[in-house]
Amino acid sequence: MNVAVTTQPKRKPSFSDWLKTLTFYELLVGMKATLTHLLNYKPITLQYPHEKRLLPDNYRGMLALLRYDDGTEKCVGCDLCEAACPSRVIRVVSGEVPGEPTKRYSKEYYMDMTRCLFCGLCVDACPVDALGMTREFEWAVYDKRQLHLNKQQLLAIGDRSFPVREKRLELQHPNVAFFNVTFKHLPQKEN
Amino acid sequence: MEIGLRLAVSLAQIAAVMGVVMLTVMVLTLAERKVLAWMQDRMGPMEVGPYGVLQPIADGLKLFFKEDIIPAGANKFLFTLAPILALVPALIGFAVIPFGPSLTIELFGMQIKPFVISDINIGILYILAFASIGAYGIILGGWASNSKYSLLGGLRSAAQVISYELNVGLAIVGVILLSGSLSLVKITEAQAGGFWNWFVIGWGGFPQIFAFVVYVISAVAETNRVPFDLPEAESELVAGFFTEYSGMRFAFFFIAEYANMILVSCVAAALFLGGWNAPYPGTILGYIGLDSLAWIENVVWFAAKVYFFLFLFFWLRATLPRLRYDQLMRFGWKVMLPIALGNIVLTAIAAYFFPR
């Protein structure tokens, strides 16, 4: 396919063009711009370690596991976060609560934060809002194995970043942590 | 005894000038980063000392304690020689710059000129000659490093410095025609008595404004500064001819660049802007009866002119992008050179009909 190349017809340089070339007019315009910035000096940089910028409300920082207000883990070990993660950061080993076949939890929960791209898809995927994104971003470490976090570490991050915990809904059956619906047909657990 | 004393006085003068130049280099390294930052809405160095004013000392210490690396396959002798060859010509040119009024004082029965180390009668030729030797430092440094980036930087620098040195030399000829001397002291004295006598205005002769523009542009090119920084184009050649240098050898190249900037600024001030002459006849301190302190005013005027040129260097660096290689060569040979030559012809005619 022929692409029509449109070229500007060569204009004969006028006297003012000629004068502008001769006097470096365009250079002077540029130099005026830089001088204006020097004279109205308003720096936009922040001196980072000494002053920090205000983070936006929806800032996506370090990931964390959350708890209910009674201290129990929210995570039910459903593996949906692992499935949603595009970078294979998360590894969940799910397990049954002993003696309660309907209730599951995550026996092990690992996050390899060296690979995380902070997209927040795991947080979106979680059916019980067990994952949260904190505002922590200063996670530079000397050994990158320190960024391979286990469940205890992730819960600790959640504890220090989310002091206000969600209430476990009363109408929810303690057997099933899944979805905030009642299961009246199931027998009440005595404890 | 006489010779010993003379030597001691000369050494003292040299030490004083070197001290001032080195101090200015230190100030410039900080000033350049600060001015550049302010022009780009940044802050520049802020960590070392209040507002980062101690940054040059920190940089110097860092360079001093850095490991000195000579790359494998490099020519060790030339690799060591090149930074010295770059630095010495840059510093040696200050010997003929008049920093203040050309008065002589009597000391131990000797005539001493306190503001110029040696008033030789071919001062400007001497500076041009040593500026050419400075190009060797760059070329040899590029060649001896055994690195393609260094070699490319060195080659570019060779072509560029030679092309633009020509323009510097030709731009100066007009001033020499008007003043009738190659001595910087005599050239400066010829511009006394107000700014209209400065050769850039050249009242009563031919104004050297074109020569001045050619000189300033060529001086920027000769010191390898933006927008003519092709020898060290960091976006193309890593760092150009000093890619492989580290530690004090790198510092030598760095100091040489800044000393060269100061030198061409001094020459520009002395040749075109009247050197240490104030823009009005005489000095204010002289008028109010403080004749013995008038030199302070003159030295301040000289420093002000030099710092104006140094600021111009930073200003250009903050504004202009780098030229392409063919643009550089075309500009040098097809624009600057004809202007300089035409200036010589017109100045010669004017000097013949209106002798000063």
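Biologist: What share of the contacts in chain B with a separation of 6 or more comes from residues 24 or more positions apart?
Modeller: In this predicted model, the share is 77%. A pair counts as a contact there if the C-beta atoms lie within 7 Å.

Biologist: What makes the radius of gyration of chain B agree with that of a compact globule?
Modeller: The rule is 2.2 Å times the number of residues to the power 0.38. For 356 residues this gives a value near 21 Å, and chain B has 21 Å, so the two agree. Along the principal axes, the C-alpha atoms of chain B fill a box of roughly 60 × 50 × 45 Å. Of its 356 residues, 44% count as buried.

Biologist: Which elements make up chain B, and in what pattern?
Modeller: Chain B has 11 helices and 2 strands. The pattern along the sequence is α-α-α-β-β-α-α-α-α-α-α-α-α.

Biologist: Why are helix 3 and helix 8 of chain B called roughly parallel?
Modeller: Helix 3 (residues 76-92) and helix 8 (residues 247-272) of chain B pack at about 25°, with axes 8 Å apart. Angles under 35 degrees count as roughly parallel, and the pair is therefore given that name. Their crossing is left-handed.

Biologist: Which residues make the contact between helix 3 and helix 8 of chain B?
Modeller: Helix 3 of chain B brings P83(B), I84(B), A86(B), L87(B), A90(B) and L91(B). Among those from helix 8 of chain B are R249(B), F252(B), F253(B) and N260(B). By class, the contact has 12 nonpolar, 1 polar and 1 charged residues.

Biologist: How do you know that helix 5 and helix 11 of chain B are roughly parallel?
Modeller: The angle between helix 5 (residues 148-179) and helix 11 (residues 325-353) of chain B is about 15°, and their axes are 8 Å apart. The limit is again 35 degrees, so helix 5 and helix 11 of chain B are roughly parallel to each other. The crossing of helix 5 and helix 11 of chain B is left-handed. Their contact has 18 nonpolar, 7 polar and 1 charged residues.

Biologist: Why does W143(B) count as buried?
Modeller: A residue is buried if 20 or more other C-beta atoms lie within 10 Å of its own. W143(B) has 20 such neighbours, so it counts as buried. W143(B) lies in helix 4 (residues 123-144) of chain B. Leaving aside neighbours within four places in sequence, W143(B) is in contact with L151(B) and G154(B).

Biologist: What is the phi of D129(A), and is D129(A) buried or exposed?
Modeller: Phi of D129(A) is near 55°, a positive value in a residue other than glycine. D129(A) has 10 C-beta neighbours inside 10 Å, so it counts as exposed. D129(A) belongs to the loop between helix 4 (121-125) and strand 4 (131-133) of chain A.

Biologist: How many residues does each chain give to the contact between chain A and chain B?
Modeller: Chain A gives 13 residues and chain B gives 10. The side of chain A that touches chain B divides into 7 nonpolar, 5 polar and 1 charged.

Conventions:
Residues numbered from 1 in each chain as written. Chains lettered and ligands numbered in written order. Predicted model: local features only at pLDDT ≥ 70, side-chain atom pairs only at ≥ 80, totals over all residues. Helix = DSSP H or I, 4+ residues; strand = E, 2+ residues; numbered from the N terminus. Buried ≥ 20, exposed ≤ 12 C-beta atoms within 10 Å, placed from the backbone. Contact = placed C-beta atoms within 7 Å. Nonpolar A, V, L, I, M, F, W, Y, C, P; charged D, E, K, R; others polar. Axes fitted to C-alpha atoms, helices over the stretch in contact; angles between N-to-C directions. Parallel < 35°, antiparallel > 145°, perpendicular 65-115°, else oblique. Left-handed = near helix turned anticlockwise from the far one by under 90°.
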